[in-house]
Amino acid sequence: QAQLVESGGGLVQAGGSLRLSCAASGLTFSNYKMGWFRQAPGKEREFVADISRSGGSTNYADSVKDRFTISRDNAKNTVYLQMNSLKLEDTAVYYCAKRMSALSNWNSWGQGTQVTVSL
């Protein structure tokens, strides 16, 4: 059974950086597009970024473009989210998920990792 486990969250000051990791198991990792999402208190979960199977294509939400970078290492079954120039509004629980194609739903959500940005 596919499992995704996020890590790397924490408390950081505004303007700082964090690198999130999502380790996958129980699946052929390179067969899946991978995505990062986040959910702030009282808000809906929102898309942050996704990456193609090979890592050659990425997409970002406008709110994180030019600050966040998604990448993957298929040999390590891991997807990363490098977050720079963090803002207070980036505070949220960050989740990773997978999907087979643009026609399928995101699934196998991890448990999430908390990112808190302070002044």
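Me: Which residues do ring pairs link into a cluster in this predicted model?

Reply: Ring centres within 6.5 Å of each other make a pair. Here such pairs join Phe 37, Phe 47, Trp 106 and Trp 109 into a cluster.

Me: How many aromatic pairs does that rule give?

Reply: The count is three aromatic pairs. One of them is Phe 37 with Trp 106, whose ring centres are 5.3 Å apart.

Me: What is the geometry of the pair Phe 37 and Trp 106?

Reply: Planes over 60 degrees apart count as edge-to-face. The planes of Phe 37 and Trp 106 stand at 75°, so this pair is edge-to-face.

Me: Where in the chain do Phe 37 and Trp 106 lie?

Reply: Phe 37 belongs to strand 4 (residues 33–39), while Trp 106 is in the loop between strand 9 (92–99) and strand 10 (113–118). The pair therefore ties together parts 69 residues apart in sequence. Both residues are buried.

Me: What is the geometry of the pair Phe 37 and Trp 109?

Reply: The ring centres of Phe 37 and Trp 109 are 4.9 Å apart with planes at 70°, so this pair is edge-to-face. It links distant parts of the chain, with Phe 37 in strand 4 and Trp 109 in the loop between strand 9 and strand 10, 72 residues apart.

Me: Is Trp 109 buried or partly exposed?

Reply: Buried means under 20% relative accessible area. Trp 109 has 31% and is partly exposed, whereas Phe 37 has 8% and is buried.

Me: Which ring has the charged end of Arg 45 over it, 3.6 Å from its centre?

Reply: That ring belongs to Trp 109. Arg 45 also lies over the face of Tyr 95, at 5.4 Å from the ring centre.

Technical notes. Residues are numbered from 1 along each chain as its sequence is written. This is a predicted model: local features need pLDDT of at least 70, side-chain atom pairs count only at pLDDT 80 or more; totals for chains, interfaces and linings use all residues. Side-chain values use heavy atoms; hydrogens and water are left out. Rings of Phe, Tyr and Trp (its six-membered ring) pair if their centres lie within 6.5 Å; planes under 30 degrees apart count as stacked, over 60 as edge-to-face and the rest as tilted. Helices (H or I, at least four residues) and strands (E, at least two) are DSSP runs, numbered from the N terminus. Buried means under 20% relative accessible area, exposed over 50%, partly exposed in between (1.4 Å probe, protein chains only). A charge sits over a ring if NZ of Lys or CZ of Arg is within 6 Å of the ring centre and within 35 degrees of the ring normal.
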